[in-house]
Amino acid sequence: MELFTQKAALHVIARLAPGDEPLTLSVNETIAFGEDWLDLGSMTVHPEPPPQAPFGSFDIAAALRFGAYEWRLPPQQVAEANLQNALGGAKKADDAKKWLHEGLQDAVRRLTLLWPTFDADSVARLPFRRPTTIVPDTTAITQGGLDFVGRFLGPWARIKVPAVAHMEVDNHVDNYFRVRRDRKHRGERNARALRHHLISQGAQRTLLRLQFDRSVEIDRGDLGADPLRGIISQTSDTEDKNLGLQEVTRSFADRLIVETARRFQTQVRTDHPLFILTSDQGMARMAMAEGLGVMFFEARSSPSVYGKVLTGCVGHPFVERRLHHVSATELLWELAVSFGAARLASSRGCFEVHAMPESGLGAVWQPMHAREDALWGLFRESTKEKSAAGLPQGSPVDVAVPEEKRTSGASGQELLAKDGAQKRAGGRDGRQMGASSARKSALPSYGFTPNKMFKLIWFICEHRKITRDEGQRTLEVTWQDEYLRYERFLSSGGLIIVEGDEVSAAPSLQRLKSALAGGDLGSALGELRAVPSYDALLRDLGARRAVQRDDPSLPVAQKALVTYLMISEALGAVVEVRDVGIVCTDAAVDPPAFAALARTVYEKLALETGSEWVLTGKWLEDLATAHAVHPVVARRLLGEAREAGHIEVYFEGSTPDQRFDAHALWILVSGVDVPQLVKRPLYHGDFLVPGTAAVRLKVKEKTDAA
Amino acid sequence: MVVRPADESTETPSLRLRVWRPTRWEREHFDHGRRGPADPADFGECVYVWAPTDDVFDGIADEKDRRELHASLGLLDPDRSHEERAVSKLAAIIETIDCILERAGSAVWSPSQISVATSDLDRLNLRQNRLRTLRHQLQWVLDVFASAPNASVTVR
């Protein structure tokens with residue numbers, strides 16, 4: 001098993017869902033289900049359809065990340081039958097139906113795939129318009145009320161979690177571990193473990209999530225400041241004994257929460273709004289009777305989730321024109337934590353996530369894992385798919401997460417970004433499995449963020465020699481293996497010299513820096529072509545002239561392809577034209593020849609559209625597709641051709657047509673400290689003539705009259 | 001972690017849903033039109049408002065289904081009396097939506113006006129099933145306000 005962040009898992013899951021085939025979602029609680037899995041329905045992913053999905057589009061990984069999926073839960077009878085099968089005669093199997101129903105409902109609410117059914121008065125007060133304190137009880141933490149507040153009611157909502165709520169959650173956790181550590185009945189299936197698991201782990205995850213979410217404001221009282229806290233510990237005080245106060249009862253916990261709220265209210269302005277968030281009717285009544293505000297929601301009596309279709313992208317409940325999305329990995333993670341393990345599977349394989357693996361599997365827990373929200377995962381590709389991909393059975397799976405941290409082994413801190421990891425990290429989505437696997441592993445390619453790469457190049461050139469730690473700090477990346485991708489890209493092209501832990505600039509890196517700084521695209525491209533994988537891609541594109549981005553025979557991994565294409569487009573080597581693909585733009589044209597091409601393309605478009613004014617973006621795209629002239633080159637040559645009197649051009653300014661906003665290209669912005677790649681819309685007039693809205697143009701041969 | 005969309009569209013929403021309840025006045029109000037004390041029964045206060053990000057009807061492939069939903073939402077036209085626009089009427093609209101959603105290919109996934117920043121300095125327009133988003137919202141409004149006395153809802 002390996003440690004996965006959600007981001008890393010996205011690319012793995014994307015390989016399971018390449019087509020219309022739904023993914024099956026199932027969960028496991030080891031003590032209750034043994035090695036059996038409980039089927040919780042299917043998930044359909046909705047990326048942008050392939051013909052309209054060029055470079056940088058809404059692909060499967062984006063669909064998973066931004067909630068473009070539907071989760072179809074099984075009907076209640078089916079879910080209960082599945083549960084019986086998974087329990088396999090475990091004790092308390094009948095009670096388990098209720099526990100599953102409640103636990104699943106709570107998990108779905110914590111995810112905000114379904115929202116708590118608040119009372120009408122509470123919703124009428126929302127959204128808050130001034131700072132408001134929310135004091136949740138344990139039910140609000142466990143059953144999703146607090147997650148709703150954290151996600152939708154910021155920035156005004158200030159959460160104050162009473163210490164006793166933390167303690168109740170810890171008690172639930174302790175109850176679960178008591179079952180887990182029960183040596184006497186080890187090996188027997190026990191449905192009670194399911195209940196303890198469901199009510200403890202998800203609540204603890206909510207508290208951790210809120211703690212690490214910087215957009216959520218959590219108030220904390222002074223240490224030990226919860227009133228009546230002493231009452232729940234044993235005391236030798238005679239008066240306490242006479243009053244029976246050392247006996248902890250359930251209502252005391254509720255009382256402590258109300259007391260916390262009341263005490264807090266004494267510390268703030270009297271008109272400061274404060275609400276107790278709860279799904280417990282008794283607690284709500286007690287709080288109201290004490291004059292406190294209450295935000296009450298229904299949990300147990302709300303409609304069942306069974307048979308529903310939930311989607312990961314919905315509207316924000318209070319803010320117009322804002323969407324709220326829940327990633328598929330967030331869903332998988334929540335279920336894994338709530339039940340113990342969760343799995344997504346298709347005919348291509350399966351991906352399991354384990355929140356609490358058995359100790360024998362070498363998986364450990366560290367605080368770092370909670371902070372990074374990393375869980376242990378296992379990716380298994382189906383034998384059939386591996387054979388189809390030309391891999392020998394049992395060979396390592398090419399997991400598409402080169403840029404992510406992945407740790408393994410007992411320490412949990414060893415980085416896997418060694419050469420072996422690179423071999424495993426081919427970086428492709430499911431569409432790209434095929435004959436290219438062998439080629440990709442033969443020629444390592446590297447995905448990275450170009451702007452960070454420029455920053456690193458500048459840093460190395462300025463300091464001549466740097467350490468890896470300095471490089472990592474410059475990139476502001478948490479993990480060394482992420483930094484190493486940058487280093488390996490440069491070293492594979494001889495642009496840097498690596499000696500032990502130190503990196504120094506080769507002369508070619510200085511030349512590359514100068515070319516980038518001066519906007520000399522051709523020279524920069526020439527230096528970068530020293531990187532074998534980058535050169536291989538450009539050679540391939542040069543030979544084929546135009547390809548689709550998802551063409552499986554491209555010689556670099558998918559993640560690296562994204563990076564390489566960004567750079568190539570900005571340096572004028574290729575351009576991605578929507579509905580056409582990646583077009584090689586290596587034509588060497590002088591101003592007179594360009595003038596002729598410009599008129600030819602213009603006349604063709606004018607004839608097709610029946611208008612003498614043609615869209616500048618379309619004109620640029622056609623120059624690229626028909627004559628291999630890059631838009632940036634075309635922009636330069638247009639100016640030169642006009643100046644030399646080879647051509648006359650007229651522009652018509654208007655508001656850009658937003659339909660073409662997706663037609664954009666990466667360009668290099670030099671002349672600043674460190675150059676940047678930025679994306680510019682091609683159809684906006686200011687691309688061709690900066691500072692104008694020259695959306696349409698007319699190209700004419702230069703005449704004396706003109 | 002859930003990432004919130006960064007930008008907001010400025011287009012007028014295709015529909016706007018409002019939930020009303022009888023107004024709660026602590027003092028008497030004078031109605032200049034009636035030249036007498038205002039009758040609180042004539043007034044409702046808006047307690048919840050929501051509008052979809054994108055045109056819901058554009059997310060329905062079939063013209064017949066679009067008309068059906070339009071007619072269904074017309075039951076909540078503000079011209080109708082508030083009894084006719086009771087929150088419980090949302091159940092019928094949800095049923096209509098469910099019928100459309102069940103028909104394969106009728107409710108389509110499409111790009112939203114809302115975009116999010118990705119790590120590559122690029123922005124992507126989110127994709128959503130607009131009809132399912134509407135259904136999710138209506139169901140929540142129904143669940144929340146169904147038990148609120150004399151609450152009504154308008155859609156325009």
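Student: In which order do the three strands β17, β18 and β19 of chain A form an open sheet, and is the pairing parallel or antiparallel?

Tutor: Strands of a sheet pair through backbone hydrogen bonds, either parallel or antiparallel. Here the order is β17-β19-β18 in chain A, with antiparallel pairing, and the edge strands are β17 (465-467) and β18 (496-499) of chain A, each of which pairs on one side only. Neighbouring strands of this sheet are turned by 25 degrees against each other on average, direction ignored. Before going on, note that this is a predicted model, in which local features need pLDDT of at least 70 and side-chain atom pairs count only at pLDDT 80 or more, while totals for chains, interfaces and linings use all residues. Residues are numbered from 1 along each chain as its sequence is written, chains are lettered from A and ligands numbered from 1 in the order in which they are written, and side-chain values use heavy atoms, with hydrogens and water left out.

Student: What counts as a strand or a helix, and how many of each does chain A have?

Tutor: Helices (H or I, at least four residues) and strands (E, at least two) are DSSP runs, numbered from the N terminus. Chain A comes to 29 helices and 27 strands.

Student: How many bridges join β18(A) to β19(A), and which helix packs on the sheet?

Tutor: Two strands pair if DSSP finds at least two bridges between them. β18(A) and β19(A), the latter spanning residues 502-505, are joined by four bridges and run antiparallel, with V498(A) opposite V503(A). Helix α21 (residues 480-492) of chain A packs on this sheet, where it touches β18 and β19 of chain A, and its direction makes about 120 degrees with that of β18(A). Contact means heavy atoms within 4.5 Å, and axes are lines fitted to C-alpha atoms, for helices over the stretch in contact, with angles running from 0 to 180 degrees between N-to-C directions.

Student: At what angle do helices α22 and α23 of chain A pack?

Tutor: Helix α22 (residues 507-518) and helix α23 (residues 521-528) of chain A pack at about 150 degrees, with their axes 8 Å apart. That angle is why α22(A) is described as roughly antiparallel to α23(A), a label for angles over 145 degrees. The residues making the contact include R511(A) and L512(A) of α22(A), and A524(A) and L528(A) of α23(A).

Student: Is strand β6 of chain A buried or exposed?

Tutor: Buried means under 20% relative accessible area, exposed over 50%, and partly exposed in between (1.4 Å probe, protein chains only). Five of the five residues of β6(A), residues 132-136, are buried, so this strand is largely enclosed by the rest of the structure. T132(A), I134(A) and P136(A) point one way, whereas T133(A) and V135(A) point the other way. β6(A) pairs in the parallel sense with β7(A), residues 157-160, over three bridges, and also in the parallel sense with β9(A), residues 274-278, over four bridges.

Student: Which residues of β21(A) lie on each side, and what does β21(A) form with β22(A)?

Tutor: V574(A) and E576(A) lie on one side of β21(A), with V575(A) and V577(A) on the other, and all are buried. β21(A) forms a hairpin with β22(A), with three residues between them, and D579(A) in the turn has a positive phi of about 70 degrees. These two strands pair in the antiparallel sense over four bridges, and E576(A) has I582(A) as its bridge partner in β22(A).

Note on methods: Parallel < 35°, antiparallel > 145°, perpendicular 65-115°, else oblique.
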